[in-house]
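Please look at the sequence and the structure before reading the points below.

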Amino acid sequence: MFNIILFGPPGSGKGTQSEKLIEKYNFKHLSTGDILRGEIAAATPLGLEAKKLMDAGQLVPDEVVVGMISSALDNNPNASGFLFDGFPRTVAQAEALNKLLKLKGTEIGVVLALDVSEEELVKRLLNRGLTSGRSDDTNESIIRNRIVEYKNKTSIVADFYQQLDKVSHVKGEGTLEEIFVLLCHEIDLRLNEQE
Ligand code: B4P
């Protein structure tokens, strides 16, 4: 089993590149953002609570997202590998993920960190907001707040995995295809090391 984390600030291309990677490598895609938006669409109590935080550009509590990921792992016993997209976003989430994977006799193979400048992030998200219907993409101050949350709570997750020698940085600016090739190269290197 080979598991990867696609890591980076909001708008860095995690969701976009995940679509291409799951097709090529047959990973099971687990996006906490998508799962939360599913809960909002279904108007569940969890979704209603999460919506308030997401609309303000804040993170949803760790126990909520860890619970969602734990259920998703249990619901996919035959997966050959998971692609975690937008998770973990705090060190507490990373520690919880390590424990959950250990219980299943597996671990993270590589953390692919997409590097994109702040101005490019804001531009992309405002642009997506024109068509996505996502309330967290339409207001520049909320987008900037998401980036602040990333800097304060999420960027240190890369240090956590760096200590385990799991992080590969990839330039996240360029065409979708150029970035995809770089990501595949890093995955293939780690897969070859594992064999
Ligand atoms: P997410 O759904 O994870 O959303 P995101 O980080 O904004 O998007 P992503 O990075 O996937 O988007 P992409 O660049 O692909 O999170 C939303 C919210 O959910 C969070 O703010 C938080 O409140 C909550 N949440 C989720 N997970 C959580 C967790 N673990 N803990 C706590 N809270 C959590 O796309 C952006 C745009 O860029 C697109 O329009 C795309 O077309 C464009 N784009 C992508 N690549 C490009 C390129 N190379 N060039 C030009 N444009 C590009």
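**The ligand and its surroundings**

Around the ligand there are 30 residues, and Gly13, Thr16, Thr32, Gln58 and Arg146 come nearest; a residue counts as near if one of its heavy atoms lies within 4 Å. The model is predicted: local features need pLDDT of at least 70 and side-chain atom pairs pLDDT 80 or more, while totals for chains, interfaces and linings use all residues. Residues are numbered from 1 along each chain as its sequence is written, and side-chain values use heavy atoms, with hydrogens and water left out.

**Ligand contacts**

- A polar contact is a pair of N or O atoms within 3.5 Å.
- A polar backbone atom of Ser12 is 3.2 Å from an oxygen atom of the ligand.
- Arg128 places a polar side-chain atom 3.0 Å from an oxygen atom of the ligand.
- Gly174 has a backbone N or O atom 3.1 Å from a nitrogen atom of the ligand.
- The ligand taken alone exposes 1,000 Å², and the protein buries 87% of that (areas by the Shrake-Rupley method with a 1.4 Å probe).

**The shell around the ligand**

- α1, α2, α6 and α8 each give at least two residues to this shell; helices (H or I, at least four residues) and strands (E, at least two) are DSSP runs, numbered from the N terminus.
- The most comes from α2, with four residues.
- By class, the shell has 11 nonpolar, 11 polar and eight charged residues (Ala, Val, Leu, Ile, Met, Phe, Trp, Tyr, Cys and Pro are nonpolar; Asp, Glu, Lys and Arg are charged; the others, Gly among them, are polar).

**The largest pocket**

- The ligand sits in the largest pocket, meaning that more than half of its atoms lie within 2 Å of the pocket's grid points.
- On a 1 Å grid over the protein atoms alone, a pocket is an open set of points with protein on both sides within 12 Å along at least five of seven lines, a cavity is a set where a 1.4 Å probe fits but cannot get out, and lining residues have an atom within 4 Å of a point.
- The volume of the largest pocket is about 900 Å³, where a volume is the space filled by probe spheres set on the points.
- Its lining has 44 residues, and Gly11, Lys14, Arg128, Arg134 and Arg146 lie nearest the centre.
- Elements giving two or more residues to this lining include α1 (14-25), α2 (32-41) and α7 (140-162).
- The lining divides into 12 nonpolar, 19 polar and 13 charged residues.

**The second largest pocket**

- This pocket has a volume of about 160 Å³.
- Among its lining residues are Arg37, Lys51, Asp55, Arg134 and Asp136.
- α2 and α3 (45-55) are the elements that give two or more residues to the lining.
- By class, there are three nonpolar, two polar and five charged residues in the lining.

**The cavity**

- The structure holds one cavity of 30 Å³ or more.
- About 40 Å³ of space lies in the largest cavity.
- Its lining includes Ile5, Lys14, Phe87, Pro88 and Thr154.
- Strand β1 (residues 3-7) gives the largest share of that lining, three residues.

**Backbone features**

- Most residues other than glycine have a negative phi, and most peptide bonds are trans.
- The peptide bond from Phe87 to Pro88 is cis, with omega near 0 degrees.
- Pro88 lies in the loop between β3 (82-85) and α5 (91-103).
- Ala43 is not a glycine, yet has a positive phi of about 55 degrees.
- The loop between α2 and α3 holds Ala43.

Key
A polar contact is a pair of N or O atoms within 3.5 Å; within protein, one must be able to donate a hydrogen and the other to accept it, and residues adjacent in sequence count only if both atoms are side-chain atoms.
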